[in-house]
Amino acid sequence: MSINFKNVFYTYSEKTPFRHEALKDVSLTINDGSFTCIVGHTGCGKSTLIQQLNGLLIPTLGSVDVNGYHIEKKSKSLKKLHDLRKEVGVVFQFSEYQLFEETIEEDVAFGPINFGVKKEEAIKIAHECLETVGIPESYYKKSPFEISGGEKRRVAIAGILALQPKILVLDEPTAGLDPRGTKYILDLFKELNKQGTTIVFVTHDINIVYEYATDVIVMNEGKVVMQTVPEKLFAEDVEQYSLETPLIQKTVNLLLAKGMKLDVSKIHSLEDLVKEIARVRK
Amino acid sequence: MKLIEVNNLVFSYDKKINVVDGVSFSVESGKYISIIGHNGSGKSTIAKLLIGLLEANKDSIKAFDMELNAKNLRAIRQRVGIVFQNPDNQFVGSTVRDDIAFGLENRQIPHDQMDDIINKFAAKVNMLDFLDKEPENLSGGQKQRVAIAGILAMNPDVIIFDEATSMLDPKGKREVRESIELMRKENPNLSIISITHDLEEAFSSDEVIVLQKGKIVADDNPENILEKPGIFVESGVDLPFKNKFLNLLSQAGIEIKNDESLERIVEELCR
Ligand SMILES: Nc1ncnc2c1ncn2[C@@H]1O[C@H](COP(=O)(O)OP(=O)(O)OP(=O)(O)O)[C@@H](O)[C@H]1O
Ligand SMILES: Nc1ncnc2c1ncn2[C@@H]1O[C@H](COP(=O)(O)OP(=O)(O)OP(=O)(O)O)[C@@H](O)[C@H]1O
Ligand SMILES: [Mg+2]
Ligand SMILES: [Mg+2]
């Protein structure tokens with residue numbers, strides 16, 4: 001199935017003085033079952049790009065194919081977007097705006113109910129998902145507006161998980177999460193990915209790309225400048241794409257430069273690196 | 001000199017659970033303080049109490065030798081700037097320019113100086129090309145840049161950043177850090193309170209306050225905090241990269257003597 005962008009342009013405020021072309025001739029493929037990270041400088045078009053994935057924004061020109069749905073201006077299948085949104089779950093950059101129900105549990109249950117699940121069952125699903133993202137039971141009847149920033153983010157993530165989407169789209173989902181929550185949620189996405197969920201993940205945290213991505217898309221000023229695998233990206237000088245070198249990669253580079261004979265193919269995490277160092281020093 | 005003194009601060013939203021529970025600390029002039037802690041530990045609530053958006057218990061907050069109360073609130077707000085966790089809560093103007101101007105008007109900056117100040121600070125955060133745009137039509141990182149510019153332009157004595165750079169790209173973060181350093185050079189008394197989940201930032205500040213369930217569990221310089229690993233287990237925060245690396249090395253039986261920087265560690269490993 002996969003995701004396909006064909007020559008996609010997107011222009012905000014067309015026919016006004018504020019016209020802004022945010023996507024310029026974007027063509028790309030996101031493979032089923034991948035953990036694809038999208039990176040690039042502030043304002044390069046990442047959020048604009050991912051909003052095309054569930055038809056929230058429709059390309060000004062060009063087309064997007066997602067799981068057999070064809071999204072194009074004037075195409076008839078636009079009516080079916082409701083169904084598409086069950087398959088593609090999106091957690092927005094400012095996900096607190098996704099919250100709107102009276103209580104946290106109703107908020108999370110809203111999605112399943114909207115897609116035909118009975119209320120009782122939906123509440124059960126909601127409780128499971130809230131537990132998964134680390135929201136304690138004492139919060140279930142609270143208002144989603146009267147909690148902290150990171151807690152709101154967690155509730156918004158739970159609300160999307162409750163839909164069990166085939167494609168999970170996340171726009172900087174870990175901004176605002178505490179370090180332990182970040183690690184936990186990332187591992188959760190990784191686990192879902194292993195079970196077959198496609199993950200599309202927008203981030204500025206290059207260390208996440210290093211540790212979790214199977215594929216990476218680099219954007220610059222509305223264009224895709226590179227679509228590759230992390231190993232290939234980090235073998236290059238990434239600063240030319242206004243990215244940073246991941247801390248593990250930086251350490252590896254320093255060690256290699258000093259002559260340590262590391263087997264780089266074995267290193268995917270800090271634990272791996274330390275194991276490799278210990279092996280080489282023996 | 002203490003710019004802000006917090007003494008046994010207590011706050012509850014529901015009159016049942018204290019989400020800020022007996023917090024005391026002070027902000028010395030010129031200091032860069034980071035506050036870290038798990039989601040819901042009370043960081044943003046403290047920030048809102050400090051600027052009087054939420055009402056603190058009596059006599060618990062003193063700023064610039066004034067009690068924080070209805071009478072002094074205005075005077076204190078003139079000198080304490082806050083960048084909120086969600087930049088949309090910050091915007092009042094219909095364009096980026098109006099938005100920055102609004103804060104300046106509040107401080108009675110003469111109109112003929114305003115344009116220069118607006119341009120200067122928009123340039124600092126790389127938003128000069130966006131002055132006529134509506135804040136709501138900006139990308140996430142652009143919104144955060146504008147929110148920061150608006151506060152820097154007001155030239156406060158204390159700036160509270162509540163996760164203000166969480167959505168900036170690495171270059172943007174660097175630029176903001178440089179702007180702040182520059183301002184601190186110009187005004188050595190400028191104090192920063194940075195609420196952050198970015199451990200690399202937190203552990204490069206002068207002082208780290210670790211908050212857990214509304215209570216301060218540690219308040220010290222980074223070196224001392226890093227020596228108490230127990231704090232990290234409990235409070236949902238984590239160690240910075242270098243320390244995680246050192247710990248794993250030590251578990252693998254490799255002890256490093258000079259751990260000043262990553263470069264030094266690498267040198268020792270390769271010896
Ligand atoms: N408006 C509100 N009404 C009721 N309770 C609230 C409100 N805002 C926050 N809380 C609760 O108060 C506690 C502290 O929240 P606060 O926003 O200060 O946390 P925080 O440390 O800033 O967390 P985060 O890292 O997630 O931003 C949390 O338990 C939260 O659920
Ligand atoms: N509603 C809008 N109206 C007009 N222009 C917009 C709108 N939303 C975004 N833009 C502009 O389109 C460009 C791309 O924005 P987008 O939000 O996709 O960036 P981004 O890569 O997600 O950035 P960030 O990392 O800051 O979140 C930016 O220059 C932004 O100013
Ligand atoms: Mg964005
Ligand atoms: Mg907060």
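In which helix of chain A does I157(A) lie? Select I157(A) to begin: the residue belongs to helix α5 of chain A, which spans residues 149-161. The coordinates on display are a predicted model, and the tour below should be read with that in view.

**Stop 1: I157(A) and its surroundings**

With I157(A) selected, show its solvent-accessible surface. I157(A) counts as buried because its relative accessibility is 1%, where the cut-off is under 20%. Next, display the residues in contact with I157(A). Leaving aside neighbours within four places in sequence, these are V91(A), V133(A), P173(A), I185(A) and F189(A). E211(A) is 54 residues from I157(A) along the chain, and their C-alpha atoms are separated by 21 Å.

**Stop 2: S95(A)**

Now select S95(A), in the loop of chain A that runs between β6 (88-91) and α3 (104-114). Is this serine buried or exposed? S95(A) is buried, with a relative accessible area of 0%. Residues up to four places away in sequence are not counted here; beyond them, S95(A) touches R153(A) and A156(A).

**Stop 3: the nonpolar cores**

Select L273(A), I277(A), F245(B) and L269(B) together. These are the residues with the most contacts inside the largest nonpolar core, which has 70 residues. Centre the view on F245(B) and show what lies around this side chain. From chain A, F245(B) touches T251(A), L270(A), L273(A), V274(A) and I277(A). From chain B, the residues touched are L262(B), I265(B) and L269(B), again without counting residues up to four places away in sequence.

**Stop 4: the interface of chain B and chain A**

Colour the two chains separately and select the residues in contact between them. Chain B contributes 47 residues and chain A 39 residues. The two chains bury about 3500 Å² between them, with 65% of it on carbon and sulfur atoms. To see where chain B loses the most area to chain A, select N39(B), M167(B) and F241(B); together they account for 18% of what that side buries.

How many salt bridges does the rule find across this interface? There is 1 salt bridge. Select R174(B) and E244(A), which form a salt bridge with their closest N and O atoms 3.7 Å apart. Polar contacts between chain B and chain A come to 12 residue pairs.

Show the secondary structure of chain B next. The helices α5 (140-153), α6 (170-186), α7 (199-202), α9 (230-235), α10 (241-251) and α11 (262-270) of chain B each supply at least two residues of the side that touches chain A. Of the elements of chain B, α11(B) gives the most to this side, with 7 residues. Coloured by class, the side of chain B that touches chain A shows 18 nonpolar, 14 polar and 15 charged residues.

**Stop 5**

Over all chains, the count of salt bridges comes to 23.

- Select D132(B) and R97(B), whose side chains meet in a salt bridge at 3.2 Å, N to O. This pair links distant parts of the chain, 35 residues apart: D132(B) is in the loop between α4 (111-124) and α5 of chain B, and R97(B) is in helix α3 (residues 96-106) of chain B. D132(B) is partly exposed, with a relative accessible area of 46%, and R97(B) is partly exposed at 27%.
- Select D198(B) and K173(B), which meet in a salt bridge at 3.9 Å, N to O. D198(B) lies in the loop between β8 (191-195) and α7 of chain B and K173(B) in helix α6 of chain B, so the pair ties together parts 25 residues apart in sequence. D198(B) counts as partly exposed at 26% relative accessibility, and K173(B) is partly exposed at 23%.
- Select E267(B) and R264(B), a salt bridge whose closest N and O atoms are 3.9 Å apart. Both residues lie in helix α11 of chain B, 3 residues apart, about one turn of the helix.

To finish, select R145(B), D169(B), K171(B) and E175(B), which are linked in a network of salt bridges.

Conventions. Residues numbered from 1 in each chain as written. Chains lettered and ligands numbered in written order. Predicted model: local features only at pLDDT ≥ 70, side-chain atom pairs only at ≥ 80, totals over all residues. Heavy atoms only, no water. Core = buried A, V, L, I, M, F, W, Y, C linked by side-chain atoms within 4.5 Å. Buried < 20%, exposed > 50% of the residue type's maximum accessible area, 1.4 Å probe, protein only. Contact = heavy atoms within 4.5 Å. Buried area = accessible area lost by both parts, 1.4 Å probe. Salt bridge = Lys/Arg side-chain N within 4 Å of Asp/Glu carboxyl O. Polar contact = N/O pair within 3.5 Å; in protein donor to acceptor, adjacent residues only side chain to side chain. Helix = DSSP H or I, 4+ residues; strand = E, 2+ residues; numbered from the N terminus. Nonpolar A, V, L, I, M, F, W, Y, C, P; charged D, E, K, R; others polar.
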